[in-house]
Amino acid sequence: MAKSSSLVTKVSAQRRRRVHRPRRSPTKPERAAAAVALSHEKILLAGVDAAADMLGSLAGCPSSPEYPVVPDMDDRDVDGAVDDAPAAAAGRRASDETLAVHAGEKLGSGAAETDSIATPIVSGTTHWFRDSADLIAFREGRRRSFEYGRYGNPTVKVLEEKISALERAEATLVTSSGMNAIVATLLALVPPGGHVVATADCYSEAHAFIRDKLSNMGITSTFVDLDDDMEALECVLDESEVTMFYADSMTNPHLKVVDVTRVAELCHRRGALVCIDSTLASPINQKPLALGADVVLHSATKYIAGHHDVIAGCVSGSEALISRIRAWHHDLGGAISPNAAYMIIRGLKTIALRVEAQNRTALRMARLLEKHPKIERVYYPGLESSPWHGVVTRQMAGAGGVVSFEVASDLRGVMRFVDALELPLIATSLGGCESLVQQPAVMSYWGKSEEEKAKNGIKDNFVRFSFGIEKFEDLRDDILQALEKI
């Protein structure tokens with residue numbers, strides 16, 4: 001140890017003395033060595049630039065929505081040859097659980113281009129180019145890059161690829177809100193003179209936009225009720241040249257389920273697009289595009305973000321359709337912030353776990369409430385008694401985390417029930433980790449006429465419950481004790 005210490009001291013002293021020596025010209029051998037080192041450095045830098053250009057060019061190619069499972073390094077032999085086992089694995093589609101974690105990052109184009117496990121938040125509003133050739137390569141689509149925040153962002157791109165993977169879509173556009181996604185989609189895909197057919201119980205603000213705003217642009221609309229069968233839709237399709245069919249599946253708050261496959265068959269036969277708002281189902285429970293829809297929308301605020309802390313929307317479909325919607329979105333200016341996109345990316349990694357837990361809790365609670373003497377009716381398509389149970393069984397993996405029901409009491413009695421609940425929060429929205437409860441008569445339909453409430457199936461004793469991820473037994477005991485207060 002003494003030798004080592006003295007050596008360090010000696011070297012340090014030598015370095016300190018060198019600082020004060022006058023500078024001299026390098027000798028001929030030193031100049032030759034420096035030239036060789038500079039030559040090697042140029043070669044290395046050229047190789048790095050070439051590799052970057054090649055990777056950038058490859059990244060600009062359309063990525064497959066299949067998102068194959070990436071084989072582990074253990075599957076490869078030491079010579080770099082790949083055996084036959086990973087070839088079979090490459091043909092498999094990764095599960096929703098895996099895609100929610102890795103799509104857009106390890107699986108995908110890796111838009112953020114980082115070795116960080118967490119996707120970085122790229123907060124810059126504008127992006128620069130190395131030279132004019134680099135800019136032209138970007139313009140011609142030979143190089144993947146970004147230009148201005150309203151048109152795209154690396155963090156947002158990761159989120160879009162993740163949602164595309166879950167929806168089995170070619171492309172996704174993430175917007176500042178669900179309503180922004182709805183408006184951009186309708187404006188982009190329904191031209192002046194077009195005709196929209198929508199379900200009467202679609203999202204109320206979408207209903208109003210279709211009925212009032214689109215009519216000012218020369219677009220006609222018809223609202224149909226698909227409670228019994230498809231006869232009303234078939235009549236409109238036969239009598240008019242329909243541009244788009246628009247519906248929520250599931251509906252809010254009565255949880256009706258549109259038979260997407262059947263609707264798509266009818267509409268496509270007559271040249272109409274099918275747009276499904278799948279917010280209450282989530283990408284885990286339902287894949288409208290795989291069922292035949294052309295476009296699927298979400299209020300990403302709900303199950304996709306999942307934590308009641310960010311507002312966003314998204315629309316997924318073919319590259320051709322999403323490109324048209326993206327052009328309108330650029331004009332509307334509904335870009336989401338990179339910070340919000342990061343929060344949704346983080347929330348999405350647990351969506352499969354959250355939704356599966358919410359499915360289980362909601363189904364068990366619906367069954368319990370259906371047998372309770374103080375409950376008159378339960379609305380939940382996962383129940384065998386539901387008129388929508390058959391459709392759910394065919395096209396959904398689960399019936400979601402929302403249960404609606406009518407309590408055997410009046411307005412005041414139901415208010416006492418809601419106030420007696422200890423765990424759920426009295427609030428609008430749904431799909432988050434915390435359970436929420438609302439009595440629509442005193443919340444979303446407050447101030448509405450009795451006629452309007454009756455038209456929308458809203459009674460004074462109606463309750464909508466959005467279950468979170470709390471333990472079922474805790475929620476069960478809380479609801480039962482609150483029912484005793486009526």
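Start by selecting helix H7, residues 178-189. It lies across E1, E4, E5, E6 and E7, and runs at about 155 degrees to E6. Helices here are DSSP runs of H or I with at least four residues, strands are E runs of at least two, and both are numbered from the N terminus. Angles go from 0 to 180 degrees between N-to-C directions, with axes fitted to C-alpha atoms, for helices over the stretch in contact; contact means heavy atoms within 4.5 Å.

A quick note: this is a predicted model, where local features need pLDDT of at least 70 and side-chain atom pairs count only at pLDDT 80 or more, while totals for chains, interfaces and linings use all residues. Residues are numbered from 1 along each chain as its sequence is written, and side-chain values use heavy atoms, leaving out hydrogens and water.

Next, select helix H6 (154-167), which lies across E1, E6 and E7 at about 125 degrees to E1.

Now show the strands. Seven of them make an open, mixed sheet in the order E1-E7-E6-E5-E4-E2-E3; two strands pair if DSSP finds at least two bridges between them. E1 (171-175) and E3 (220-224) are the edges with a single partner strand each, so one side of each has no neighbour in the sheet.

Zoom in on E4 (244-248) and E5 (273-277), which run parallel and are joined by five bridges. Asp248 sits opposite Asp277 in E5.

Last stop: Lys302, in the loop between E6 and E7. Is Lys302 buried or exposed? Lys302 counts as buried, because its relative accessibility is 17% (buried is under 20%, exposed over 50%, partly exposed in between, with a 1.4 Å probe and protein chains only).
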